[in-house]
Amino acid sequence: MRAYKGSFTIEAACVFPIILFCICITMDVGIAFYLEIKQEAMSQMENEKLDLISVMYRRELVKELFEEEYED
């Protein structure tokens, strides 16, 4: 059997960009998820006041509308 002397430069030149691309895509997706979760957390921290009077009137209106349709 003949022993060949060679190097891995050609294989590394083909494989390394693929590995680097995968790492960059993973980092980009991670940053996008982080920003999305940060935005969601900020929106949940804002406490909006709920106008219970208008909710009560809307509930009564919907109740009246459904009573008229389902009376038959």
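1. R59 is exposed, its relative accessible area being 57%. The model in which this residue sits is a predicted one. The side chain of R59 meets that of E60 in a salt bridge, with 3.9 Å from N to O. E60 is partly exposed, at 33% relative accessibility. The contact falls under the cut-off, because a salt bridge asks for a side-chain nitrogen of Lys or Arg within 4 Å of a carboxyl oxygen of Asp or Glu. By this rule the count comes to one salt bridge.

2. The protein chain holds two helices and zero strands. Helix α1 covers residues 9-45. With its 37 residues, α1 reaches 53 Å from the first C-alpha to the last, which is close to the 54 Å expected at 1.5 Å a residue.

3. A bend should be noted when α1 is viewed along its length. The helix bends by about 25° at V15. A proline, P17, follows within four residues of that position.

4. The protein chain has 72 residues, of which 0% count as buried. Its accessible surface comes to about 7800 Å², and carbon and sulfur atoms account for 66% of that area.

5. A nonpolar patch on the surface is formed by F21, I25, V29, F33 and I37. Together these residues have about 510 Å² of accessible area. One of them, I25, lies in helix α1. I25 is partly exposed, with a relative accessible area of 40%.

6. How many disulfides does a search of the whole structure find? The search finds zero. For C22, the closest cysteine sulfur is that of C24, and at 9.4 Å it is too far for a bond. C24 is likewise in no disulfide, the sulfur of C22 being the nearest cysteine sulfur to its own. The cut-off settles the matter, because a disulfide needs a pair of cysteine sulfur atoms within 2.5 Å. As for accessibility, C22 counts as partly exposed at 44%, and C24 counts as partly exposed at 43%.

Terms used:
Residues numbered from 1 in each chain as written. Predicted model: local features only at pLDDT ≥ 70, side-chain atom pairs only at ≥ 80, totals over all residues. Heavy atoms only, no water. Patch = residues over 30% accessible without salt bridge, like charges linked within 9 Å, V, L, I, M, F, W, Y side chains within 5 Å. Areas by Shrake-Rupley, 256 points an atom, 1.4 Å probe, with all protein chains shown as cover. Buried < 20%, exposed > 50% of the residue type's maximum accessible area, 1.4 Å probe, protein only. Expected span 1.5 Å × (residues − 1). Bend = angle between axes of the 7 residues up to and from the residue.
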